[in-house]
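Student: I'd like a close look at one hairpin, and then at what surrounds it in the analysis. Please keep it brisk.

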Amino acid sequence: MENDITDLLKKRAYLLLLLFLLIVVCVSFFLLYGMGRRSDQLTLSNARLVHEQSTLQAGNPSIVQEIHIAEGDHVTLGTLLVTVQNVFSDEEIARLQKNVELAQQNVAQIRYGAAATSQNLPVQSERLDAARSRMERMNELYEMGAISAAKRDEVAAAYEQEKSALTLGSRQSAGVPNPAALRAAEEQLEKAEESLAKARDHTGAMGLFAAREGDVSAIFVKQGDRIDSGDSILSLDVAENCWIEAEISAEDVSKIYPGQIVRYELGGQSAEGTVEESAESEKEDVKIVRISVPPDRIAGNEENIVLHFLP
């Protein structure tokens, strides 16, 4: 009886030993496999969040009356950014006045310009009478056999040409303008008059509003500044279009590829994106890699983001 119990204990001890060895082998395999995978994983710590830049520019010469936002503010579509007062110099008003006068002359020329053609009608009538007399004389000579039919037909053709010219001149003298040309000239005149009226309204203030959502990254003017058309007023980091950029050495370029999954933390939250593209850098043997950002990211600017490129 004692021998049976001893044999049973030995068998159980052998089984436990085999199970222990199996566990050790499995743990060692997974540790070695995991270390091998981690050795292939690329990690960068110099990444930063980059936004599309939208710049607000002055449409007309104006004076900054009031700035309603500050650098770093988050604005949404339609937020009032700056109030400006349109101002125009005397030279600008004179130029716009000249544009109106030229547009008025253009309309008048198209509408009434054909009247000048009527002054030439008496001369054209005399030429037609002379051509008719020559044609009648040539017909008589042809009947007498003094000239050929070709000579007669040549004079008849000249008469018809003079007749057509007189008919065209009569139509032009009726003063009927080209409808399409007149409509275009009148539209040009209307726009010129609107621009002049706007320039003369020095007291008109207008607000400039955000066309996109984002963060105010810089303000280039202050209250009371006079700005010209096209001058930059402020810049906006567009919220809906941002990405992560990082510098990568030439030796690590082979470890990344488009569509590769990248893990990182943004705004204290774990996130995951993909490699979108890589481009040349101003630095030698360095490339810039761009990583996508999920649409529900935390707003703001961040630098020194750590990227983990999965194999």
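Student: Which residue in the hairpin of β9 and β10 takes a positive phi?

Tutor: G267 does, with phi near 65°. This is a predicted model: local features need pLDDT of at least 70, side-chain atom pairs count only at pLDDT 80 or more, and totals for chains, interfaces and linings use all residues. Residues are numbered from 1 along each chain as its sequence is written, and side-chain values use heavy atoms, with hydrogens and water left out.

The hairpin has 2 residues between its strands. Strands are DSSP runs of E with at least two residues, numbered from the N terminus. β9 covers residues 261-266. Its covered face holds V262, Y264 and L266. I261, R263 and E265 make up the uncovered face.

β9 runs antiparallel to β10 (residues 269-280), with 6 bridges between them. Two strands pair if DSSP finds at least two bridges between them. E265 has S270 as its bridge partner in β10. β9 is also joined to β12 (residues 303-309), by 2 bridges, again antiparallel. There, R263 stands opposite H308.

A separate open sheet has 4 strands, in the order β5-β4-β2-β7, with antiparallel pairing. Its edge strands are β5 (205-209) and β7 (226-227), each pairing on one side only. Between β4 (residues 80-86) and β5 there are 5 bridges.

Next, the charges. The whole structure holds 8 salt bridges, each a side-chain nitrogen of Lys or Arg within 4 Å of a carboxyl oxygen of Asp or Glu. R212 forms one with E52, the closest N and O atoms being 2.9 Å apart. That pair links distant parts of the chain: R212 lies in the loop between β5 and β6, E52 in β1 (residues 42-57), 160 residues apart. R212 also meets E240 in a salt bridge, at 2.9 Å from N to O. E240 lies in β8 (residues 232-249), so this pair ties together parts 28 residues apart in sequence.

How open are these sites? R212 is partly exposed at 26% relative accessible area, as is E52 at 23%. E240 is exposed at 64%. The cut-offs are under 20% for buried and over 50% for exposed, with partly exposed in between (1.4 Å probe, protein chains only).

Another salt bridge joins K255 and D252, at 3.6 Å from N to O. K255 is partly exposed at 40%, whereas D252 is buried at 14%. Shared partners join E52, R212 and E240 into one network.
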